[in-house]
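Hi everyone, thanks for coming. Let me put the structure up, and then we'll walk through a few parts of it together.

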Amino acid sequence: MHRLLLLLLFPLTAQASETMPSRGAPAAIALGRQVFQTNCARCHGAEATQPSAEAPDLRRLNVFCLQLKDGALQARCLQDVDAYFMMAVKAGKVRAGIVYMPPWRDVLTEREIRAVRSFVDSRPPATPRLKTSVDLDHAAH
Ligand code: HEC
């Protein structure tokens, strides 16, 4: 009975943990580019590759995960970032009554926001920040 339940539940949980089924899909990237250029580029930089834009460089969200060598761990890490990305975009960034970024939940669909994440992921990675003493220590070994 329990085993049967597990078998029945597994496909569901597997699906639920796949936050970004569109990652890497050319159609999603193309849609994401269009949505990004229309709605996000004016603050986050054209083509999501301009580190000097007024809002954060969205490629940086992946920097920590991409350093992980264990593939399974890296996949879990990227899923966490996917979830954060979806939440941050839907809710926007509003603190103490100041709107740093407006919420997008009533403007864009779930599919469009996911497509933007796929587009940002498809961009060439951000150049590393200035090295910290920890990075230099790692590089020395
Ligand atoms: C009006 C300018 C503006 C627009 C337009 C805008 N953003 Fe933002 N966004 C910001 C700012 C500013 C922040 C940083 C806010 C903070 O935390 O202080 C931010 C933060 C974020 C974050 C969190 C980044 C982090 O490092 O935690 C994500 C994800 C994000 N934006 C995605 C988007 C997407 C996707 C779009 C288009 C649908 C978009 N933004 C449109 C200004 C904007």
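So, let's start with H2, residues 26–39. Its buried residues are Ala28, Ile29, Gly32, Arg33, Val35 and Phe36; buried means 20 or more other C-beta atoms within 10 Å of a residue's own, exposed means 12 or fewer, partly exposed is in between, and C-beta atoms are placed from the backbone. Helices here are DSSP runs of H or I with at least four residues, strands are runs of E with at least two, and both are numbered from the N terminus.

Quick caveats: this is a predicted model, where local features need pLDDT of at least 70 and side-chain atom pairs count only at pLDDT 80 or more, while totals for chains, interfaces and linings use all residues. Residues are numbered from 1 along each chain as its sequence is written.

Now, two alanines. Ala48 sits in the loop between H3 and H4, and its phi is near 60°, positive although Ala48 isn't glycine. Is Ala48 buried or exposed? Buried, because 24 other C-beta atoms lie within 10 Å.

Ala96 also has a positive phi, near 50°, and isn't glycine either. You'll find Ala96 in the loop between E1 and E2.

Last stop, the ligand. The shell residues split into 14 nonpolar, two polar and two charged; nonpolar covers Ala, Val, Leu, Ile, Met, Phe, Trp, Tyr, Cys and Pro, charged is Asp, Glu, Lys and Arg, and the others, Gly among them, are polar. H3, H5 and E2 each supply at least two residues of that shell.

Notes:
Expected span 1.5 Å × (residues − 1).
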